[in-house]
Amino acid sequence: MAEVTIGNRKVGDGHPVFVIAEIGINHNGSMDVAKKLIAGAAAAGCDAVKFQKRTPELCVPKDQRDIERDTPWGRMKYIDYRYKVEFGRDEYLEIDRYSKEQGVLWFASCWDEDSVDFMEQFEPPCYKAASASLTDLPLLKKTASTGRPLLISTGMSTMEEVEKTVDELGRENILIAHTNSTYPSPIEELNLRMITTLKARYPEVPIGYSGHEVGLATTWAAVALGATFIERHVTLDRAMWGSDQAASVELPGMARLVSNIRDIEKALGDGIKHVYAGEAAARKKLRRT
C-alpha cells in the first residue's frame, strides 16, 4: 500500500487526505502576513503550510538580474526584488516556533542545493520539489539524500520526464503530485484523470494533487479520484500584489476546502455494499417481497 510518514501523519491510501496550504511567497516578505497565513491555515484544518526557499544569485538567470520591475517597494532590479521577498534564518526560526505553536507542520520547496543545506537546520518533516525542478536531478538527489520524504510535482512535464525522475530517485519515500503549471490553470487543462493514471503506474507511491485553478470544486473532484494529499496556494486577499495570488485560495475558502474534503472522505466509504441501520425501516415498509 502507498504510504509515507510526514511528521506525525501517515500519508497515502487509507489515511485522511493530507492538506497543504502553500504560502510560498504570498507573504511578500512580511512576517506579519506569513503568521496570519499560518494561523489561518491551522484554523482551517490544514495539516501543513509550505514556503519556498531560494538563493537568488543561484536561481535568477544573469540576463534577468538587472531588469527593472515594478514592485510594492517601487521600481527595482529583479535580483533585488528576489532578495526582498526571501526570508532568512531569523524569520524561519520564528516560522518554526509559530507553526509549532499553531499545531501545524511546515516545510519548503527548495530551488537550489544551498537552500536544502539552509533548510536542514530546521529539520523539516519533508521537502517539496516544484514542477520547474522535476528535471533538475542534482537538486532532487541532494534533497532526497537528507532522508526526508520528497514530494515532486509534475506540471510542465512529459510522462517520459516523470518516469525518468522516478527511476532515478526510486519509489521509496517519495510522493507525486499531479498538477498544471499555468497560474491560474484553465479548467479544461486540469486533466484530473492523470491522478488515476499515476496511481496505476506507481501503486506503491502516494499520489496527490497540487491545484492552481480558480475555485474549489475541481480539488474536491481530485479527492474523489483518489488524491491522497492536496496542495493549494493560500492568500489573505487574491487581489494582493504577487504572481501567485490570483491562483490562491483565501482563508475562508481554505476552511471550506478542508471541511468538504473531510465530508468526501466519509462519503466515499469502503466500496462494500451494506444495508445501513437507517435503511431498515424503509426496507421493512417498502419492500414487497
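Author: Helices are DSSP runs (H or I, at least four residues), numbered from the N terminus. Keep in mind that this is a predicted model, where local features need pLDDT of at least 70, side-chain atom pairs count only at pLDDT 80 or more, and totals for chains, interfaces and linings use all residues. Residues are numbered from 1 along each chain as its sequence is written, and side-chain values use heavy atoms, with hydrogens and water left out.

Now, helix H5 (residues 113-120) and helix H6 (residues 137-144): their axes cross at roughly 15° and come within 9 Å. H5 and H6 are therefore roughly parallel to each other, a label for angles under 35 degrees. The crossing of H5 past H6 is right-handed, meaning that the near helix is turned clockwise from the far one by less than a right angle. As for who touches whom, H5 brings Glu-113, Val-116 and Asp-117, and H6 answers with Pro-138, Leu-139, Lys-142 and Thr-143; contact here is heavy atoms within 4.5 Å. Sort the residues of this H5 and H6 contact by class and you get 3 nonpolar, 1 polar and 3 charged. For that sorting, Ala, Val, Leu, Ile, Met, Phe, Trp, Tyr, Cys and Pro count as nonpolar, Asp, Glu, Lys and Arg as charged, and the others, Gly among them, as polar.

Then there's helix H9 (residues 217-224), which packs with helix H10 (residues 251-268) at about 30°, axes 10 Å apart. That angle makes H9 roughly parallel to H10.

Methods: Axes fitted to C-alpha atoms, helices over the stretch in contact; angles between N-to-C directions. Helix = DSSP H or I, 4+ residues; strand = E, 2+ residues; numbered from the N terminus. Parallel < 35°, antiparallel > 145°, perpendicular 65-115°, else oblique.
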